[in-house]
Amino acid sequence: PDDFPLKGKKILVTAGPTQEALDPVRYFSNHSSGKMGYAIACAASRTGAEVTLVTGPTQLEAPQGVSVVQVNSARDMYEAVIKRFEAADVVVKAAAVADYRPETVSGQKIKKGDGPLLVKMVRNPDILTEIGARKTHQLLVGFAAETENLEENAQRKLEKKRLDLLVANRAEDGFGKDTNKVTFFFAGGRRQAFEQMPKRRVAEEICRAIAGLLETSVL
Ligand code: C5P
């Protein structure tokens, strides 16, 4: 077996949460730890890929040998990904991108009043849908963490975002943990279900699947 199946491949990985500013000291975000994306960046780099990791704020150390791009908001991440998309062979979108951001960012810290505070939230771009629409030769891998209707939602996202592989899990099985229990949904209908395993192992299985897809796509 080839120890370096991704040798020379340019892989773009996104990881972590995004932060959507409300004022100079506050933001909306989520509990994503970034562990899954970082583990994928590590595994891909170990198997010979040239990896760029576009990451929201996390507590994690930059993986060795990986080029890291730090971003904050979903729109920053969108720009960082679009800029590098053309040159990539594979894009793995493990980031938990905020779907909404506050419509306006206050220049000053918002003072508290006696009543409720109403914040209007507007949609962020869906990065994966955007690159799905533009893809030429790139392999696209997405994630879906669902609290309900896992299969239906996974299948719908795979098709809507024009992905080659969707890695799905129940939200409670993966979020913030060191392990995950995932099912791979491939374009074309093939599925592969795994037992719970460390994210490092999930990352290796994802790299193995990517190597398999790259191999069949050149034949
Ligand atoms: O949020 P959703 O479940 O649709 O996310 C599925 C996939 O889409 C994930 O891989 C996520 O990184 C990506 N996504 C994105 N931009 C968004 C929302 C989600 O790239 N604004």
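The shell around the ligand in this predicted model is made up of seven nonpolar, two polar and four charged residues. In total, 13 residues surround the ligand, and the closest are K93, V97, I127, L128 and G142. Two elements, α3 (127-134) and β9 (139-146), each give two or more residues to this shell. The largest contribution comes from β9, which supplies three residues.

Next, consider strand β4, which covers residues 50-55. Five of its six residues are buried, so the strand is mostly covered. On one hand, β4 pairs with strand β1 (residues 10-15) in the parallel sense, over six bridges. Within this pairing, T14 has V54 of β4 as its bridge partner. On the other hand, β4 pairs with strand β5 (residues 67-70), again in the parallel sense, over four bridges. Here L53 stands opposite V68 in β5.

Most residues other than glycine have a negative phi. N149 is not a glycine, yet its phi is positive, at about 45 degrees. This residue sits in the loop between β9 and α4 (150-160). Is N149 buried or exposed? N149 counts as exposed because it has 10 C-beta neighbours inside 10 Å, and the cut-off for exposed is 12 or fewer.

R162 also has a positive phi, of about 55 degrees, without being a glycine. Its place is the loop between α4 and β10 (165-170). With 16 other C-beta atoms within 10 Å, R162 is partly exposed, because that count falls between the limit of 12 or fewer for exposed and that of 20 or more for buried.

Technical notes:
Residues numbered from 1 in each chain as written. Predicted model: local features only at pLDDT ≥ 70, side-chain atom pairs only at ≥ 80, totals over all residues. Pairing = 2+ DSSP bridges. Near = placed C-beta within 6 Å. Nonpolar A, V, L, I, M, F, W, Y, C, P; charged D, E, K, R; others polar.
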